[in-house]
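Here is a briefing for a first look at this structure. Keep the model in view while reading the points below.

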Amino acid sequence: MSKTVVLAEKPSVGRDLARVLNCHKKGNGYLEGEKYIVTWALGHLVTLADPEGYGDQYKSWRLEDLPMLPEPLKLVVIKKTGKQFQSVKSQLLRKDVSEIIIATDAGREGELVARWILEKAHVKKPIQRLWISSVTDKAIKEGFRKLKSGKEYENLYASAVARAEADWIVGLNATRALTTKFNAQLSSGRVQTPTLTMIAKREEEIRSFKPKKYFGMKAVVEKGITFTWHNDQKNDTKTFDEQELEQKLAKSKGKPATIIDRKVTPKKTYSPALYDLTELQRDANKRFGFSAKETLSTMQKLYEQHKVLTYPRTDSRYITSDIVPTLKDRLEACRMKEYAPAIAKIMKQPIKPTKAFVDDQKVSDHHAIIPTEESVPLSALSDKERKIYDMVVKRFIAVLMPAYQYEQTIVLATIGDEQFSAKGKRVTSLGWKEVFQDAPDEDGEDNQSLPALAKGDTFTVTSLQKTVGETKPPSRFNEATLLSAMENPSKFMAGESKDLIKTIGETGGLGTVATRADIIEKLYSSFLIEKKGKEIFITSKGKQLLTLVPEELKSPVLTAEWEQKLTKIAKGSLPKQVFLNEMKQYAKEVVTEIKNSKQTFKHDNVTGKKCPECSKLMLEVNGKKGKMLVCQDRECGYKKGVSRVTNARCPQCKKKLELRGEGEGQMFACKCGHREKMSTFQERRKKNQNSKVSKREVAQYMKKQDDDFANNALADALAKLKLDQ
């Protein structure tokens, strides 16, 4: 009897597939049953060869050897996962295996993982594709009933190869050219360099910004109602002419306020759309300070390990019509105490799908991130997992609830010759906001509770004052706002046509939902950007790099156009080789421009400490987790940690402490100025541990509770106990 090999991307998914397919016989890197053999990669097992793999001339980095344009690019087995590759290969080539099912992640990168393994193993057997958005038993069984021909995904594979080879051709040539020309560790790429450019432009906007004062008036009348002055000439609440404002203020003082109009308008707002990965990463950064990488990693566990959320790497915020019949089962899976009241209201009536969240045309590879039909004991989730799960579940429940409804009242009044207004709001139905009652009101302070007012009413003005404000520069990027800029870089494309900007917006901007987190991490690890608090700053090295990189490579336009062409390859409307030929030509132009550059690079972070390996002076750089000393000689590559940000908390301001120094000389330091020796810190820590319940004790207690554990007095007391570390 012939068998079928099922190739998963990771062991955890492989084990799930094997259980559903009744494959219980354990082998070396696989599980076998009567019909199926399930094996798995460990992420990528095969990759493109490094330049050194094309000849000895590339073992040393020399400017004269560039550009590197080997034809064809070769695949190699990754050394650290070579053992698993051999195990997978042996199963694929078994004589009793007649067919292969690709069951890697359902996306461009997942296709690449599997196809490169098949290509390197020289497998020519028929291929089918498992394409699912969750790894629950139900989804797996349904997916195997609807297997698709591997031929349907050959264009997707071509697009994945084109992306990987383009990054190799452009990225490695640009990086080697910059590094050898300027004798510094400089990296450049088609996504990371435009991203760095946006950060630099924002920094320049802030630096060149000149604040300007503006003025307005606030009036408080009887019954405590606050009115805001209106500038009739500009339909604004402020003016930059202080003298004019002072004159209006003087004329209005002592005059009563007369109501001239009152409008009550019923309004409604619908819930925010379901999450795609970028929106989830943005929100998690805003609410919890999670990095894009942390959110993706946490989502991956909720998808693969706990099986409670669907596939994370999606760029859609909609679901398809075939998901609608499963919505009640998904709600039942989330029906824990915290969500139960809202879910009960939804379940009282048939769920009515609307275009607000169901649209087949707005889903390409994967639908929005939503809960699966699997339940999970909340005690089984880590703190991060619990927070991400909560965000997704609440957003899912919210789209199924009715609109938030309220009445907005706008009252117009005159004080002398000047017009003022007051806004009020009365909620008539919480709707979807019932799920987010613990969230702050985003409607702003202008909406106040207004008493009954009628046209012609007159009130004594108890206070009339000038207000002063100042225009503010744009905020520095944090990871949330940088993700938004990468998704929609149109603001940084001055001078480009509206059609091009629209087209680029449709391609999804810089990078993809799956790669943006890695791009940001690479900018940190290359010391091109650094984080201070939550804000992102470009380093001196990053600024200099942008003066050395060819102008076109810095533009969001170029990389967005490339992404558009990759989409065309995936759809079969552009041959892969046409695109790669363009990349080779572009790489030649980049190398030539760098070779002919008259610019210089200067390290401005040189310390007086010598490298223990080569005796050259070391550079001090700010890594994401603390300061490091790095040898300035790129061929040496010596690195050493100088300080690191710890989880220990400052006793004064409660911020995280930085640990500096070595051995007995180690010292904790805080930005607020607090300093203490390691010995002093340990004494303080010991006292705190003796006087407080430990985190472990709290965790053990919480695990004993059921999932509907209420916030009783003991729980509240435990929640308030925090260690000073």
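A contact means heavy atoms within 4.5 Å. By that rule, Leu92 touches Val5, Val97, Ile100, Ile117, Leu118, Ala121, Val123 and Lys125, leaving aside residues up to four places away in sequence. This is a predicted model: local features need pLDDT of at least 70, side-chain atom pairs count only at pLDDT 80 or more, and totals for chains, interfaces and linings use all residues. Residues are numbered from 1 along each chain as its sequence is written, and side-chain values use heavy atoms, with hydrogens and water left out.

**The chain as a whole**

- The chain has 21 helices and 27 strands. These are DSSP runs, numbered from the N terminus: helices are H or I with at least four residues, strands are E with at least two.
- Of the 725 residues in the chain, 47% are buried. Buried means under 20% relative accessible area, exposed means over 50%, and partly exposed lies in between (1.4 Å probe, protein chains only).
- The chain exposes about 36900 Å², and carbon and sulfur atoms supply 48% of that area. Accessible areas come from the Shrake-Rupley method with a 1.4 Å probe; for residues, only the protein chains shown count as cover.
- Take the contacts between residues at least 6 apart in sequence: 71% of them join residues at least 24 apart.

**Nonpolar cores**

- A nonpolar core is a set of buried Ala, Val, Leu, Ile, Met, Phe, Trp, Tyr and Cys residues joined through side-chain atoms within 4.5 Å.
- The largest nonpolar core has 85 residues. Leu92, Trp116, Ile117 and Phe579 have the most contacts inside it.
- Helix H5 (residues 154–182) gives the most to this core, with 14 residues.
- A second, separate core has 44 residues, including Leu331, Met336, Val358 and Phe396.
- In soluble globular proteins, nonpolar side chains tend to be buried together.

**Helix H4**

- Helix H4 (residues 137–145) has these buried residues: Ala139, Ile140, Gly143 and Phe144.
- Seen down the axis of H4, they fall within an arc of 130°, so they line one face of the helix. The arc is that of the directions from the helix axis to the C-beta atoms.
- The buried residues of H4 pack against strand S1 (3–8), helix H1 (11–20), strand S4 (36–40) and strand S7 (97–103).

**Aromatic pairs**

- The structure holds 9 aromatic pairs. Rings of Phe, Tyr and Trp (its six-membered ring) pair if their centres lie within 6.5 Å; planes under 30 degrees apart count as stacked, over 60 as edge-to-face and the rest as tilted.
- The rings of Tyr54 and Trp168 have centres 5.8 Å apart and planes at 75°, so this pair is edge-to-face.
- Tyr54 sits in the loop between strand S5 (46–48) and strand S6 (75–77), and Trp168 in helix H5, 114 residues apart. Both Tyr54 and Trp168 are buried.
- Phe288 and Phe290 form a tilted pair, because their ring centres are 5.4 Å apart and their planes lie at 35°. Phe288 is partly exposed at 27% relative accessibility, while Phe290 is buried at 6%.

**Cysteines**

- The structure holds 0 disulfides. A disulfide is a pair of cysteine sulfur atoms within 2.5 Å.
- The sulfur of Cys631 is 3.3 Å from the closest cysteine sulfur, in Cys614, which is too far for a bond.
- Cys631 is buried, at 2% relative accessible area. Cys23 is buried too, at 3%.

**An exposed loop residue**

- Lys124 lies in the loop between helix H3 (108–120) and strand S8 (127–129). At 79% relative accessibility, Lys124 is exposed.
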